[in-house]
2 protein chains.
Amino acid sequence: MKFEAVTIKDIAKALGLSTSTVSRALRDSYEISAETKQLVLECAEKLNYKPNPIALSLKEKRSRSIGVVICEIANNFFSQIINGIESIAYDKGYNVIVAQSRESYEREVIDLQFLASRSVDGLIISLSTETTDLTHIKALHDRGMPIVLIDRINDEIDTHKVIVDNYKGVYDATEHLIKNGFKRIAAIAGSEFLSITNERLAGYHDALKANNLSFSKEYVQHCFYGGMIFSEVEEAMNKLLTLKQRPDALITTSDKLTTGCLKTMKRRGLHVPKDMAIIGFSNSDIMELFDPPLTYIRQPAEEMGRDATELLLQLIESKRPITEFEKRVLSPQLIIGSSSIKH
Amino acid sequence: MKFEAVTIKDIAKALGLSTSTVSRALRDSYEISAETKQLVLECAEKLNYKPNPIALSLKEKRSRSIGVVICEIANNFFSQIINGIESIAYDKGYNVIVAQSRESYEREVIDLQFLASRSVDGLIISLSTETTDLTHIKALHDRGMPIVLIDRINDEIDTHKVIVDNYKGVYDATEHLIKNGFKRIAAIAGSEFLSITNERLAGYHDALKANNLSFSKEYVQHCFYGGMIFSEVEEAMNKLLTLKQRPDALITTSDKLTTGCLKTMKRRGLHVPKDMAIIGFSNSDIMELFDPPLTYIRQPAEEMGRDATELLLQLIESKRPITEFEKRVLSPQLIIGSSSIKH
DNA sequence: TTTATTTACGCAAACGATTCCGTATTTGCA
DNA sequence: TGCAAATACGGAATCGTTTGCGTAAATAAA
């Protein structure tokens with residue numbers, strides 16, 4: 001059911017040459033006469049010859065493809081990352097193979113195994129929320145697989161990393177709320193196992209401290225699946241809303257948490273920011289259409305994807321093993337709406 | 001810089017067998033004795049042998065990967081489609097390679113060439129808005145490449161297709177507006193070359209007609225790049241808003257057009273639905289948070305992706321050439337907000 | 001006991017391309 | 001004219017795996 005591709009043999013046969021001559025002619029080797037080259041090139045053109053990349057991969061032990069493992073494709077932040085990855089990969093002649101872990105550790109392990117066995121030349125990984133054991137990634141890394149970690153990283157793995165300044169992002173957001181007169185600021189965050197969660201909460205914590213506001217443990221709620229499960233968000237909101245000292249402002253640390261919290265507010269007839277101000281992470285570009293327009297923290301996702309890919313290709317195409325690794329930290333952006341301004 | 005993988009030769013050498021015996025033992029051939037099989041299996045396990053998929057591809061002339069060409073990854077509708085594609089592909093042991101055309105014909109041609117030369121086993125394609133000449137796709141199809149068209153299809157290519165009932169989606173939306181008392185209903189649509197545009201406008205047209213409303217050509221604006229370029233949308237809105245008989249309602253036929261129009265309204269201080277009611281296509285799940293909550297047409301994108309992948313794998317794995325093709329038409333959903341209800 | 005059949009394995013070709021050698025012919029130089 | 005060197009090409013191995021074919025040894029049938 002598959003079509004027969006033209007091979008180097010067909011050209012050789014047509015011209016009464018050997019395959020080695022044809023191969024060399026196509027690669028413009030000095031050993032081949034100008035006339036023969038001309039002939040071969042013309043014939044290749046005529047027969048519409050396309051080199052078989054699989055045969056090349058087998059020979060060169062590289063596939064010119066990179067694997068991407070993220071938790072979810074249908075998510076603004078990650079789809080923008082993939083967009084960035086694809087743009088660089090396209091320019092450099094690499095294919096992008098995407099796999100999603102769906103926040104499952106087990107699935108992440110399988111995805112990675114699958115991609116590695118498919119001989120991708122390198123991997124860009126954003127850890128699943130369930131991942132605490134990293135031996136599967138270490139094993140690959142130790143065997144020499146080029147890996148770049150993006151967004152959800154882990155210090156146990158010594159390789160290039162691309163993140164945003166999560167600490168600063170949330171620090172600034174918290175301070176923005178404080179400056180606008182909010183005093184009881186709560187936070188709904190993702191899993192405590194995630195690097196980003198801790199960096200973000202540290203920013204929250206330090207901003208409170210720097211402004212002489214006390215930190216209250218009950219003001220911080222965790223949603224293990226980061227908003228993928230709506231009931232988790234509702235529950236977290238419930239806890240905050242039923243506190244004797246109800247918070248007057250809220251910071252949410254992911255796209256899904258942000259929209260989840262807003263939905264909960266709306267469905268309960270609560271008003272933002274009157275009943276509770278909100279600043280959330282989001283990579284949607286329609287926050288200005290919200291009621292009220294949202295103040296949000298935006299990550300340069302596309303740039304992150306591009307950076308990660310550039311670093312990965314550096315690793316892949318390096319002649320000598322690389323031992324010095326870079327952690328690239330990009331700046332998030334605080335976009336001011338009215339959800340964080342006192343009514 | 002790449003790690004050495006264990007091959008069948010290593011096993012053969014370790015056990016003093018030939019590679020053919022090892023290969024056959026691993027594939028559980030009847031020609032191999034039980035003891036030898038046992039030995040080989042154990043040795044393979046011990047050495048952590050993983051078959052080289054590239055060598056297999058070369059031999060079997062199949063790569064167990066499918067290519068996806070869409071215009072834009074960072075778009076709810078398409079990322080949801082990819083999500084659906086990935087879920088089925090994952091189950092069936094296929095890799096998904098994504099490429100984006102960015103609405104460029106030229107880029108689509110290159111993407112397709114690239115993927116085909118990378119010997120994907122099949123393709124899922126959504127046409128770019130610039131694509132009017134289909135010879136590049138026909139050429140692939142004629143040479144036996146399994147192809148499934150999704151969303152933006154074209155009748156010139158005889159293969160499986162997956163779409164939503166665009167006609168009905170817009171017909172119902174238009175009728176909904178009419179029933180709610182709107183009489184001057186405009187439409188902002190994508191490129192006239194796109195199948196979806198014409199199907200949708202036909203629904204619009206017929207609904208007007210069925211309800212004895214006259215169709216006015218100036219009430220229909222086209223944005224060639226479907227909202228990718230914001231100025232295009234603004235211009236279309238401008239034309240509508242400066243008509244002597246300004247429309248009292250608007251239908252937008254894509255995600256980006258919908259949000260683009262809403263942004264334009266908001267930035268001009270116009271109120272939805274007071275100044276103009278709006279129903280738009282969208283695959284975002286946060287429309288209820290809009291001001292006002294949007295009435296929108298949602299497409300079952302994930303299901304479309306899944307269906308397309310199932311059909312494609314059917315084509316790929318079929319023994320005999322398939323000549324009977326299916327056009328699968330899924331139902332869009334009209335989700336009622338308040339942007340379409342008279343104030 | 002002889003012949004036929006099965007069992008269990010090895011050899012080598014094949015997939016498509018590259019590349020290390022080897023070599024016949026031509027060219028250059030003395 | 002004679003010999004070395006350059007030129008231009010072919011043969012065959014290689015990448016990792018599968019598979020058609022051949023065959024020695026063991027077993028079964030005559």
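Me: Where is Pro273(A) found?

Reply: Pro273(A) sits in the loop between helix H11 (255-267) and strand S9 (277-281) of chain A. Helices (H or I, at least four residues) and strands (E, at least two) are DSSP runs, numbered from the N terminus. Note that this is a predicted model: local features need pLDDT of at least 70, side-chain atom pairs count only at pLDDT 80 or more, and totals for chains, interfaces and linings use all residues. Residues are numbered from 1 along each chain as its sequence is written, while chains are lettered from A and ligands numbered from 1 in the order in which they are written.

Me: What kind of peptide bond joins Val272(A) and Pro273(A)?

Reply: A cis bond, with omega about 5 degrees.

Me: And what about Asp291(B) and Pro292(B)?

Reply: The bond between them is cis, with omega about -5 degrees. Pro292(B) lies in the loop between strand S9 (277-281) and strand S10 (295-298) of chain B.

Me: How many residues does each chain put into the contact?

Reply: Chain B gives 41 residues and chain A gives 40. Two residues are in contact if their C-beta atoms, placed from the backbone, lie within 7 Å.

Me: Which element of chain B supplies the largest share?

Reply: S2(B), with 6 residues. H4, helix H5 (76-92), strand S2 (95-100) and helix H11 (255-267) of chain B each supply at least two. By type, the side of chain B that touches chain A has 19 nonpolar, 12 polar and 10 charged residues. Here Ala, Val, Leu, Ile, Met, Phe, Trp, Tyr, Cys and Pro count as nonpolar, Asp, Glu, Lys and Arg as charged, and the others, Gly among them, as polar.

Me: Why do the copies meet through the same surface?

Reply: Because 98% of the interface residues of chain B are also interface residues in chain A.

Me: How do the two H4 helices cross?

Reply: The axes of H4(A) and H4(B), residues 53-60 in each chain, come within 9 Å and cross at roughly 145 degrees. Axes are lines fitted to C-alpha atoms, for helices over the stretch in contact, and angles run from 0 to 180 degrees between N-to-C directions.

Me: Which residues meet there?

Reply: Ile54(A), Ala55(A), Ser57(A) and Leu58(A) meet Ile54(B), Ala55(B), Ser57(B) and Leu58(B).

Me: Which residues of H4(B) are buried?

Reply: Pro53(B), Ile54(B) and Ser57(B). They cover an arc of only 100 degrees around the axis, which puts them on the same side of H4(B). The arc is that of the directions from the helix axis to the C-beta atoms. Buried means 20 or more other C-beta atoms within 10 Å of a residue's own; exposed means 12 or fewer, and partly exposed lies in between, with C-beta atoms placed from the backbone. What covers these buried residues includes H4 and helix H6 (105-117) of chain A.

Me: Last one, Asn48(B): buried or exposed?

Reply: Exposed, with 10 C-beta neighbours inside 10 Å. Asn48(B) has a positive phi of about 60 degrees although it is not a glycine.
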